[in-house]
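Subject: Handover of a structure

Dear colleague,

Please find the structure below, which I am passing on to you. I would be grateful if you kept it open while reading the notes that follow it.

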Amino acid sequence: MGMVYLTGAGPGDMELLTLKALRVVKEADVIIYDRLANPDILKEAKNGCEFVYVGKEDGKHTLPQDQINETIYQNALKYRVVVRLKGGDPFVFGRGGEEAAYLHKHNISFEIIPGITSAISAPAYAGIPVTHRGVAVSFRVVTGHEAPDKESSQIPWENFKTDDTIVFLMGLHNLDKITQKLIEIGKAPTYPCAVISKGTTPQQQVVIGTLETIVERAQGVATPALIVVGKVVELRKQLQWFYS
Ligand code: SAH
């Protein structure tokens, strides 16, 4: 039976892959990868390594999660070194926990290799620090997949009144509802907001606006994209360094 490495591929820039991730990619007998993992990483695999694509787009699954779990398990029965390569960090909205739990249930050994999450690195490449002395003392990473008006929503919107930075992943299609909701709970319509598309890659696009203007400004922006809400967005004026 094999060892499964639940591996973070980083946010896009290939050089943001960890040394540990690169080592297991080079050793892999099979790599099971997502849409968000930079495909150039696969070129590092040894000859004869098998590739299995189980990519999914926001909300749309090429393979349902239970089938992905089963695919990983079946490959672990067949191969010695199995790499499950996921965009960013496997435990930040990556369902890595579910995959690990499935392996645990089936007595398959696994290791977790954390990756650099887009939630922090895409803002960093946009010149936006998620915390900054005197501006934001904490940050939250929140799913934007869930519409804010959904009755069963577990998102604690009322807690978002502070100036802590909020990063929404998977939220581009709900951008209008998210910004409306934040105004509804009391944030100023002029509160700073950014949308970052394809962060850390040569195609990175950064749109800056306010809760009021961002929807219009970010029209047509490509996925993957995340939303940053917070006064830290204004620091980009001084901290922009990456020009794509
Ligand atoms: N595990 C991943 C997140 C998976 S959820 C991580 O840690 O980064 C997928 C969401 O991540 C996308 O909808 C988007 O909001 C965000 N995302 C991933 N890569 C991105 C990138 N390069 N630029 C901007 N957003 C990205």
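This is a predicted model: local features need pLDDT of at least 70, side-chain atom pairs count only at pLDDT 80 or more; totals for chains, interfaces and linings use all residues.

Residues are numbered from 1 along each chain as its sequence is written, and side-chain values use heavy atoms, with hydrogens and water left out.

The ligand has 18 residues around it, and Val92, Thr117, Ser118, Gly199 and Ala225 come nearest; a residue is included if one of its heavy atoms lies within 4 Å of the ligand. This shell divides into 10 nonpolar, 5 polar and 3 charged residues. Here Ala, Val, Leu, Ile, Met, Phe, Trp, Tyr, Cys and Pro count as nonpolar, Asp, Glu, Lys and Arg as charged, and the others, Gly among them, as polar.

A polar side-chain atom of Thr117 is 2.7 Å from an oxygen atom of the ligand. A nitrogen atom of the ligand lies 3.0 Å from a polar backbone atom of Pro11. The protein covers 95% of the 550 Å² of accessible area that the ligand has on its own (Shrake-Rupley method, 1.4 Å probe).

Turning to the cores, the largest nonpolar core has 22 residues, and Trp157, Phe160, Phe168, Leu182, Val195, Ile227 and Val229 have the most contacts inside it. Such a core is a set of buried Ala, Val, Leu, Ile, Met, Phe, Trp, Tyr and Cys residues joined through side-chain atoms within 4.5 Å. At least two residues of this core come from each of strand 9 (165–169), helix 5 (175–184), strand 10 (192–197) and strand 12 (225–229); helices (H or I, at least four residues) and strands (E, at least two) are DSSP runs, numbered from the N terminus. Apart from this core lies another, of 18 residues, including Val25 and Leu85.

Two loop residues form a contrast. Asn174, in the loop between strand 9 and helix 5, counts as buried because its relative accessibility is 5%. Val137, in the loop between helix 4 (118–125) and strand 8 (139–143), counts as exposed because its relative accessibility is 77%. Buried means under 20% relative accessible area, exposed over 50%, and partly exposed in between (1.4 Å probe, protein chains only).

With kind regards

Technical notes:
A polar contact is a pair of N or O atoms within 3.5 Å; within protein, one must be able to donate a hydrogen and the other to accept it, and residues adjacent in sequence count only if both atoms are side-chain atoms.
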